[in-house]
Every structure is written in structure tokens, then in C-alpha cells.
Amino acid sequence: MSTTYQPGDVEPISGSYVHTEVEGVNHRIYFEENGPEDGIPLLCQHTAGNNCQEWRHLLTDEQITEEFRVIAHDLPYHGKSVPPTTQKWWTDDYTMTAEKFTETLVNLADALELEDPIYMGSSMGGNIALELADWYPERFRALIGLECGAHSPGFYIDWLDHPEVNTTEVNAYSCWGLMAPQSPEQTKRETMYLYEQGATGVFKGDLYYYSVDHDYRDKLDQVNADECPLYIANGEYDYLTTPEDGRQTAAGIGEGATAIELAEIGHFPMSEHPELFNAYIREILADITGDRDEELPDVLEPDDVGIELHQRGPAREKPAE
């Protein structure tokens, strides 16, 4: 689990900027990292409209950073990655597409000279794992799609950048409902707080990719999970991309795709309940590196990873067989 720090302690996370090109434009991308320089690179992608602070608890997990070089970045226009200085970016609406998203991730990995990295992303960062496995399977050791589905319609909404709508507050409270009721209130509130920091229109622009441009319902046979292992791990309480969605997506892909349900957690696992998530993700990482003797279970439970929940939520209603 992540370390508890006292006044005067300096966390081992370091922050830097790297320049990389996306669609012919030079971008200054901010990233934070922790772990040995020669560790297995683990590239972590934040959710729509958010930033790399979602991964701060993973970045300070001593068990994970002993073996892995954990890198969490801010996409262009997010967090500390400001818009490009060479463009009149304010004259166009920000819009994320699958091609732009994958190019950003691959070029970032190239700019950081990451050799055989593992990619992990959540929500829109989980969905893009399908495009990465389809278009760039040779670039990654493995892909972990958290809250991943073949199609996530209905969230590209016009009024998400309306001047009469407090979009940061709307975004934050809509995300509150996606988290498990038993996740700690402090970390759920922090997840909301991070959503209140986004620039107007960025969350909406990300949702164009999430709900419009990403649709693999009829293309799952194109996903090369046999060449690059793909893990689809969806939280029990995520109603956008349910564990059932994850299982159906993995079944449609076939060889090399593994679906895991993460019990007692919701749509923002790494930030809403970091202690439980970090324990879960150690199991998946151990499977990738070959350090796990048994196959991953269909459902990872807190008891499986030695986490005792002080409160369990109401059972999620699941679709009939």
C-alpha cells in the first residue's frame, strides 16, 4: 500500500516535462514517475477530463515501485500539459479522437524511450487499450484496460461546455455516482476535487472519443491480444462499463484477452479506493511478469488480496442470466 507521510517527508515522486509530436504539433507533456530507472515501465493514463494526480497512490506504492518504473502523465490540455504555444488552440473546440489518443501514447512512450512497457488506463484510458492492441500491439508488453468496453454511448453532451452550466461541479458530481458507496469518503471526495480542476470543454472533448469515436462492437476480431496480452478489469459498481461488458468484450476478442471483475469498487478504482486497487493490480502485474503461479480468478475479492473492508456496499443488481 502507499506510504503514510509525516510533516517534513519528501515523497519519492519526481515530475518532468517531455516534448513530443502529435499530429505534427509539438506538445509539452508533464509526467510524474517513481521506481527504478531500469524497472519495467508502467505507463498510466488518467480518465477523461482529469490528470495524473489520480495515480498518486500507485506512484507511492513501495511494493509496486520496487519492480516497476511507474509513469503517470497529463494528456495535452490536461493538468500541467498546457495547450501548444505554436497553435491558436482557442479558435477550435478541443476534441479527442482514437487516432490522436493512440498517437499521443505511442509517441510519449517513444519520447521517454520506454522499452517493452506495460500500458494501463482507466475509463477512456481503458477503452483505448482496444485501439492500442489493434494498431500498435508490437509496442507494448501488455495492456490493462480498466473500466473498458467495446462501446460507451450517450455521454457526448452539448451542455457540458455551456456558459450557464457550472461544468466542473456537474462533472464532479456525475463521477460521484460512479464510485462504489463503500469506497472511503476521503478518496472519493479527492476524486471529485480532481475533476473540478479541468478546463472548460476538455471533459466534453474527451467524451467525443469515449462515446462517439470508440466503437469496437463489430471489430473485436481485429484486436491482437494474442500478440499483446490484454487485461480488461472492470469494477463491480461501474454502471458505464460493467464487468459483464468486460467479459463480453474479452470473449469477442478471444485468445489473449482476460476479463477480471474487481469486487467492491467502482469506475475510478485507482483514486476512489487506492488501497484495494493497488492490491488488485499487483495480482494482474504478477500475471504479466509470470510471477503468479495460478490463473487470475474471474472475480478478484478483497479477501483474495488480504484487504479487510470496514464497510461493504449493497449488492449490485446484476442482469438475469
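Here is a tour that starts with the sheet, moves through some single residues and ends in the nonpolar cores. Keep in mind that this is a predicted model.

**Stop 1: the sheet**

Switch to a cartoon view and look for the strands. Nine of them make up an open sheet with mixed pairing, and you can follow the order E1-E2-E4-E3-E5-E6-E7-E8-E9 across it. Which strands stand at the edges? They are E1 and strand E9 (299-300), and each has a single partner strand, so one side of each has no neighbour in the sheet.

**Stop 2**

Now select residues 14-22, strand E1, together with residues 25-34, strand E2. The two run antiparallel and are joined by nine bridges. Find glutamate 21: opposite it, in E2, stands asparagine 26. The hairpin has two residues between its strands, and glutamate 23 takes a positive phi near 50° there.

**Stop 2: phenylalanine 31**

Stay on strand E2 and pick phenylalanine 31. Is this residue buried or exposed? It's buried, at 5% relative accessibility. Show what surrounds phenylalanine 31 and, beyond its close sequence neighbours, you'll find contacts including Ser14, Tyr17, Val18, Ile71, His73 and Leu112.

**Stop 3: the annotated span**

Colour residues 41-158 next. An unreviewed UniProt entry annotates this stretch as "domain: AB hydrolase-1". In the model the span is 29% helix and 18% strand, and its end C-alpha atoms lie 38 Å apart.

**Stop 4: asparagine 51**

Go to the loop between strand E3 (40-45) and helix H1 (56-59), where asparagine 51 is found. Asparagine 51 is buried, with a relative accessible area of 6%. Its side chain reaches the backbone nitrogen of glutamine 53 at 2.9 Å. Leaving out residues up to four places away in sequence, asparagine 51 touches His46, Asp74, Gly79, Leu194 and Gln197.

**Stop 5**

Cysteine 52 is buried, with a relative accessible area of 2%. Cysteine 175 isn't in a disulfide either; the nearest cysteine sulfur to it belongs to cysteine 52, 17 Å away. Cysteine 175 is buried as well, at a relative accessible area of 3%.

**Stop 6: the nonpolar cores**

For the last stop, show side chains for Phe101, Tyr119, Leu130, Leu132, Leu143, Leu230 and Ile253. The largest nonpolar core has 44 residues, and these touch the most other members. Several elements each supply at least two residues, among them helix H3 (98-111), helix H5 (167-176), strand E7 (230-235) and strand E8 (257-262). Which element gives the largest share? That's H4, with six residues.

Zoom in on leucine 230. Aside from neighbours within four places in sequence, its contacts include Ala129, Leu130, Leu143, Val223, Ile253 and Thr258. Apart from this core lies another one, of 37 residues, and Cys52, Ile64, Met120 and Ala142 are among them.

Terms used
Residues are numbered from 1 along each chain as its sequence is written. This is a predicted model: local features need pLDDT of at least 70, side-chain atom pairs count only at pLDDT 80 or more; totals for chains, interfaces and linings use all residues. Side-chain values use heavy atoms; hydrogens and water are left out. A nonpolar core is a set of buried Ala, Val, Leu, Ile, Met, Phe, Trp, Tyr and Cys residues joined through side-chain atoms within 4.5 Å. Buried means under 20% relative accessible area, exposed over 50%, partly exposed in between (1.4 Å probe, protein chains only). Helices (H or I, at least four residues) and strands (E, at least two) are DSSP runs, numbered from the N terminus. Contact means heavy atoms within 4.5 Å. Two strands pair if DSSP finds at least two bridges between them. A disulfide is a pair of cysteine sulfur atoms within 2.5 Å. UniProt positions are given in the numbering used here, feature names are shortened, and annotations may be inferred rather than shown by experiment. A polar contact is a pair of N or O atoms within 3.5 Å; within protein, one must be able to donate a hydrogen and the other to accept it, and residues adjacent in sequence count only if both atoms are side-chain atoms.
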